[in-house]
Amino acid sequence: MSEGTVSVTAAPGAPAKATARTRRIRDVDALRGFALLGILLVNVQVMADPYAGQGPYGSAGERAAAWLVTALVSSKFYLLFAFLFGYSFTLQARSAEREQAGFTGRQLRRLLTLWCLGLAHAVLLFPGDILMTYAVLGLVLFAARGLAPRTAVRVAAGLVVSLSALLLGKGLLALAATVPSGATAPEAVTAVAAYRGDPVSVVHANLRQWHDLLAGDVLYAPHILAAFLVGLAAGKRQLLAEFDRYRTQARRLVGYGLPIGLAGGVCTAMCYHGPLDARWYDIGTAVGLLTAPALTAAYGCGLLLLLRTRFGRRIGEVLAAAGRLALTNYLTQSLVMALVFTGYGLALHGRVGPVPVLAGCLVLYAAQLALSARLVRRFRHGPVERVLHTATRGRGH
């Protein structure tokens, strides 16, 4: 998922340009390492819960956990990953130019490899895979690579507003219904038995659920593409490389983004988990899609500001190590979840409430941070990053 591997510290007397590039890569990796936690907290609901985090929970703790994940995490961190995908696209283009290599061939090989990894991921481990979506939309990003930064941002804003307006209209029609529709899918009970079965049963369940989730992939594609385009614009402006010049603007984004994003997240949580009923679901989704970019920007800018403090530098090193192995860590998260919640291992699907599940996620994430820090000191690439790196650059690299 990252552009390449560079040393974390610059050598004494290193040129300022090399130092700036090192910081740029570190910031990208730190943001990516931070996003891994949010991705895990959302994905685990699909793996552990037949109702994907929106079920009829009994205890106040379970309801509060699901409510908080929706308000603070859902739809925010995949946007951060998508932004970084677009930003890294510009780093890869510059890398190809420096090495006088064909960028088109590299990108096509990279996206094809990413799609194949995503297919295996969806079928074997996690039907909510995002890699295939990234690969397909990556072709659109490649076609749009010539857009000026201002134009790219305007197109992104148009995509987000249009998608939100479409869902809002659908939600307003749903409010006319006299009886709320069921908030949970009737197939959930069947899925529980399948995920607790043998490995063949798990694969079949993944295929069924993947088919059901395709509609959601299409629905959220404009949202992801919008984040790609904003990342492309930021990369062309080298905003992370020159972040210190934009600290004032970053503080403003945090100041405005937090209240707007949190208000939108609270509205979405109310529509998904109560007190509003299921007729408000699409309205909650529309509000969430419209306001999630504000909270994502606030999270990202807040972290970048923190990384420039004495306390934040150490945090940045830990997060950057995990971010350098982001693809390996992402797939490892799915592997661990599959071993815990499906018939591959403990078969705890539907048997554990949201609170212990989320606590387990924090333990897994902490373990990944610690292990990543050790691995990056010994290896230039993680195992999956090596596969993607080799496929991207072709033979002889």
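These legends describe close-up views of a predicted model. Local features need pLDDT of at least 70, side-chain atom pairs count only at pLDDT 80 or more, and totals for chains, interfaces and linings use all residues. Residues are numbered from 1 along each chain as its sequence is written, and side-chain values use heavy atoms, with hydrogens and water left out.

**View 1. A salt bridge joins K170 and D282.** The closest N and O atoms are 2.7 Å apart. A salt bridge is a side-chain nitrogen of Lys or Arg within 4 Å of a carboxyl oxygen of Asp or Glu. K170 lies in helix α6 (residues 149-174) and D282 in helix α10 (residues 281-307), so the contact ties together parts 112 residues apart in sequence. Helices are DSSP runs (H or I, at least four residues), numbered from the N terminus. D282 is buried at 13% relative accessible area; K170 is partly exposed at 47%. Buried means under 20% relative accessible area, exposed over 50%, and partly exposed in between (1.4 Å probe, protein chains only).

**View 2. Other salt bridges include R245 with E242 and R279 with D277.** The structure holds 10 salt bridges. R245 and E242 meet at 2.6 Å, N to O. R245 is exposed, at 60% relative accessibility, while E242 is partly exposed at 29%. R279 and D277 meet at 2.8 Å, N to O. Here R279 is partly exposed at 22%, and D277 is partly exposed at 26%. Elsewhere, salt bridges link D27, D244, R247 and R308 in a network.

**View 3. F34, F77 and Y299 form a cluster through ring pairs.** The model has 12 aromatic pairs. Rings of Phe, Tyr and Trp (its six-membered ring) pair if their centres lie within 6.5 Å; planes under 30 degrees apart count as stacked, over 60 as edge-to-face and the rest as tilted. F34 and F77 pair edge-to-face, 5.2 Å centre to centre with 65° between the planes. F34 belongs to helix α1 (residues 16-48) and F77 to helix α3 (residues 77-98), so this pair links parts of the chain 43 residues apart. F77 is buried, at 8% relative accessible area.

**View 4. Y78 and Y220 make an edge-to-face pair.** Their ring centres are 6.2 Å apart, and the planes stand at 90°. Y78 sits in helix α3 and Y220 in helix α8 (residues 199-237), 142 residues apart. Y78 is buried at 17% relative accessibility; Y220 is partly exposed at 23%.

**View 5. R145 lies over the face of F142.** The distance to the ring centre is 3.9 Å. A charge sits over a ring if NZ of Lys or CZ of Arg is within 6 Å of the ring centre and within 35 degrees of the ring normal.

**View 6. L68, L72, L258 and L262 form a nonpolar surface patch.** Together they have about 280 Å² of accessible area, from the Shrake-Rupley method with a 1.4 Å probe. Patch residues have over 30% relative accessible area and no salt bridge, and nonpolar side chains (Val, Leu, Ile, Met, Phe, Trp, Tyr) are joined within 5 Å. Helices α2 (60-72) and α9 (247-273) each supply at least two residues. L68, in α2, is partly exposed at 45% relative accessibility.

**View 7. The structure holds 0 disulfides.** C267 is in no disulfide; the nearest cysteine sulfur, that of C271, is 4.4 Å away. A disulfide is a pair of cysteine sulfur atoms within 2.5 Å. C267 is partly exposed at 25% relative accessible area.

Conventions:
Patches are made of residues with over 30% relative accessible area and no salt bridge: like charges are joined within 9 Å, nonpolar side chains (Val, Leu, Ile, Met, Phe, Trp, Tyr) within 5 Å.
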